[in-house]
Amino acid sequence: MLITEMSTARETRQRVHGVTYRYELDKYPFREELEKLFGLDLQDLHLWLGDFEKFDRKNDQQTIVHRVFYSNYSKIIEPIYKDFVTDFVSQIIDFPFSYQVIPTFRIGLPGNRFVGEYHTDAKYNHPDFELNFNIGLSNYLKPCCLMSEKVSNTREFYPLECDNGEIFSFNHIDCVHGSDINTTDQTMVSMDFRVAMIPFYKEIDAKSVNMNSSFKIGDYFSKEIINS
Ligand SMILES: [Fe+2]
């Protein structure tokens with residue numbers, strides 16, 4: 001389903017909430033490159049981390065695995081991510097957008113949850129002009145995948161599963177979402193990123209709670225505008 005501009009940002013997001021798109025793994029080998037970097041299957045990452053306290057929002061980006069990801073980001077992932085946004089995401093979005101410069105890397109360890117608490121991103125000051133995408137890389141399945149309301153304020157949750165080679169869009173601003181404990185014996189791994197929908201973009205002063213960068217084009221979002 002092509003992502004087209006509706007009359008509001010919220011309607012635009014909700015229309016494609018939970019819609020999955022398939023991409024070519026040989027063109028955008030995120031998982032393969034990360035497995036080369038870590039030297040193991042992503043699903044086995046937990047085997048090398050020892051015991052870990054349950055995540056909350058403050059420490060869910062702090063493990064050595066996250067540090068290795070971000071330290072190698074510009075060499076390993078950025079070239080693929082840039083092509084992915086420019087050549088693939090540009091085809092599924094029908095209007096100009098700017099994209100999150102560095103995607104967020106997430107792991108869900110067995111016995112743990114990968115999102116610290118159920119929330120809407122509106123609660124974390126994220127602006128209404130955003131659209132969110134998740135890329136499942138390993139074990140992005142029930143019970144450890146993202147759980148989200150189908151419609152905001154209903155408190156009825158469903159799993160958003162995502163195989164390697166798939167990406168889904170979802171309404172992170174209005175629908176409450178989170179994750180449950182990973183009761184499997186495999187690590188869940190994913191990346192996610194937001195785009196700023198230019199038709200709805202307004203410069204605002206709010207800052208990301210986790211990153212301390214402002215949600216502006218040229219800061220959190222790329223200077224480059226795709227589909228312009
Ligand atoms: Fe969120």
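The legends below describe close-up views of a predicted model. In this predicted model, local features are taken at pLDDT of at least 70 and side-chain atom pairs at pLDDT 80 or more, whereas totals for chains, interfaces and linings use all residues. Residues are numbered from 1 along each chain as its sequence is written, and side-chain values use heavy atoms, with hydrogens and water left out.

**View 1. The iron site.** The iron ion is coordinated by NE2 of His119, OD of Asp121 and NE2 of His177, at 2.1 to 2.2 Å; donors are N, O and S atoms within 2.8 Å of the metal (3.2 Å for Na, K and Ca), and the site may look incomplete, as water is not among the atoms. Along the chain, the donors follow the spacing H-x1-D-x55-H. His119 is buried at a relative accessible area of 7%, and Asp121 is buried at 4%, where buried means under 20% relative accessible area, exposed over 50% and partly exposed in between (1.4 Å probe, protein chains only).

**View 2. The two faces of helix H3.** Helix H3 spans residues 64-71 and has Val65, His66 and Phe69 as its buried residues; helices (H or I, at least four residues) and strands (E, at least two) are DSSP runs numbered from the N terminus. Seen down the axis of H3, these residues fall within an arc of 100°, so they line one face of the helix, the arc being that of the directions from the helix axis to the C-beta atoms. Ile64 and Ser71, on the other side of H3, are exposed.

**View 3. The largest nonpolar core.** This core, a set of buried Ala, Val, Leu, Ile, Met, Phe, Trp, Tyr and Cys residues joined through side-chain atoms within 4.5 Å, has 51 residues, and those with the most contacts inside it are Phe30, Phe84, Ile93 and Phe133. H4 gives the most to this core, with 10 residues.

View 4. The ring centres of Tyr81 and Tyr99 lie 6.0 Å apart with their planes at 75°, so the pair is edge-to-face; rings of Phe, Tyr and Trp (its six-membered ring) pair if their centres lie within 6.5 Å, and planes under 30 degrees apart count as stacked, over 60 as edge-to-face and the rest as tilted. Both Tyr81 and Tyr99 are buried.
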